[in-house]
Amino acid sequence: MTPRTDAAAATHPTVQEQATSTSPAPPATRIVVVHGLGATAGSHWFGALQERYTPYGIEVVVPDLPDSQAPDLDTWLSRLAEVIGTIDEHTVLVGHSLGCVSILQHLAARDDDWRLGGLALVAGFVEQVPGIPEVDHFVARETDPAGVAARTARRVVLSADDDPVVPRRLTEDLARVLDADLTVVDGAGHFLARGGFDRLEVLESVLDGWTLTGPEADRHAVS
């Protein structure tokens with residue numbers, strides 16, 4: 001991977017590493033956002049994604065997952081199966097922290113011949129996180145990252161250089177096993193609202209390219 005600087009987020013400078021290749025995909029028309037430990041659908045920058053894309057006719061779903069302070073993987077997978085339903089190349093899945101590995105576990109558990117338009121994972125991991133034993137069982141099962149990568153047209157992982165919750169190394173490992181583009185944001189912590197992230201513009205910049213641009217995506221905001 002070749003690093004380069006990116007000024008997409010003026011407040012939080014980024015460094016990006018491009019994956020070796022990306023596959024073309026049609027514009028996304030549906031985004032499902034999966035929150036993490038202790039969060040809800042109204043936390044952090046999730047609602048801002050709805051405000052950003054819903055006016056363009058893009059469906060944005062942000063489910064509340066059960067008992068997020070003491071989550072159970074099987075319970076979350078059951079809820080995600082209901083919410084996510086059928087996926088295709090017009091679907092994008094977005095995860096934050098524990099939501100990232102939850103998405104990967106959901107995809108690994110599917111028994112249909114699925115294809116996915118995009119996967120955007122923020123501060124994610126597929127290994128045990130030091131000091132957070134509550135999530136150990138989420139990474140105990142195989143997630144088949146190579147299989148996920150082969151079926152997903154576009155993949156990006158966001159990390160912070162100073163994340164106090166999920167060490168940067170773990171998120172970089174996630175990007176590596178998914179052969180995903182990696183964006184490192186300086187000073188972003190764990191991308192939380194209390195850290196100034198009630199909106200995540202660097203992620204919106206990626207999703208804009210997956211939803212609002214290209215000859216097949218000549219959309220206008222619905223008034």
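Reader: What share of the 223 residues of the chain counts as buried?

Author: In this predicted model, 54% of the 223 residues count as buried, a label that is given to a residue with under 20% relative accessible area. The chain exposes about 9,700 Å², and carbon and sulfur atoms supply 47% of that area.

Reader: How do you know what order the elements of the chain follow?

Author: Read from the N terminus on, the elements run β-β-β-α-β-α-β-α-β-α-β-α-β-α, and the secondary structure comes to six helices and eight strands. Among contacts between residues at least 6 apart in sequence, 78% join residues at least 24 apart.

Reader: Why is H2 called roughly perpendicular to H3?

Author: Helix H2 (residues 73-84) and helix H3 (residues 98-109) pack at an angle of about 70°, with their axes 10 Å apart. Angles of 65 to 115 degrees count as roughly perpendicular, and therefore H2 is described as roughly perpendicular to H3.

Reader: Which residues of H2 and H3 meet, and what makes a residue of this contact nonpolar, polar or charged?

Author: From H2 come Leu73, Trp76, Leu77, Leu80, Ala81 and Ile84, which meet Leu98, Ser102, Gln105 and His106 of H3. Ala, Leu, Ile and Trp are among the residues that count as nonpolar, while Asp, Glu, Lys and Arg count as charged and the others as polar, so the residues of the contact of H2 with H3 divide into seven nonpolar, three polar and no charged.

Reader: Which residues of helix H5 are buried, and what do they pack against?

Author: The buried residues of helix H5 (residues 168-177) are Leu170, Thr171, Asp173, Leu174 and Ala175. The buried residues of H5 pack against H3, strand S6 (118-122), strand S7 (155-160) and strand S8 (181-185). Just after H5, aspartate 179 takes a positive phi of about 50°.

Reader: What makes a set of residues a nonpolar core, and which members of the largest one touch the most other members?

Author: Such a core joins buried residues of nonpolar kinds, Leu and Phe among them, through side-chain atoms within 4.5 Å. Of the 39 residues in the largest nonpolar core, Leu93, Leu107, Leu119, Leu121, Phe125 and Leu178 touch the most other members. The elements that give two or more residues to this core are strand S3 (30-34), H2, H3, S6, H5 and S8. A second, separate core of 31 residues includes Ala41, Leu49, Val202 and Trp210.

Notes
Residues numbered from 1 in each chain as written. Predicted model: local features only at pLDDT ≥ 70, side-chain atom pairs only at ≥ 80, totals over all residues. Heavy atoms only, no water. Axes fitted to C-alpha atoms, helices over the stretch in contact; angles between N-to-C directions. Helix = DSSP H or I, 4+ residues; strand = E, 2+ residues; numbered from the N terminus. Parallel < 35°, antiparallel > 145°, perpendicular 65-115°, else oblique. Contact = heavy atoms within 4.5 Å. Buried < 20%, exposed > 50% of the residue type's maximum accessible area, 1.4 Å probe, protein only. Areas by Shrake-Rupley, 256 points an atom, 1.4 Å probe, with all protein chains shown as cover.
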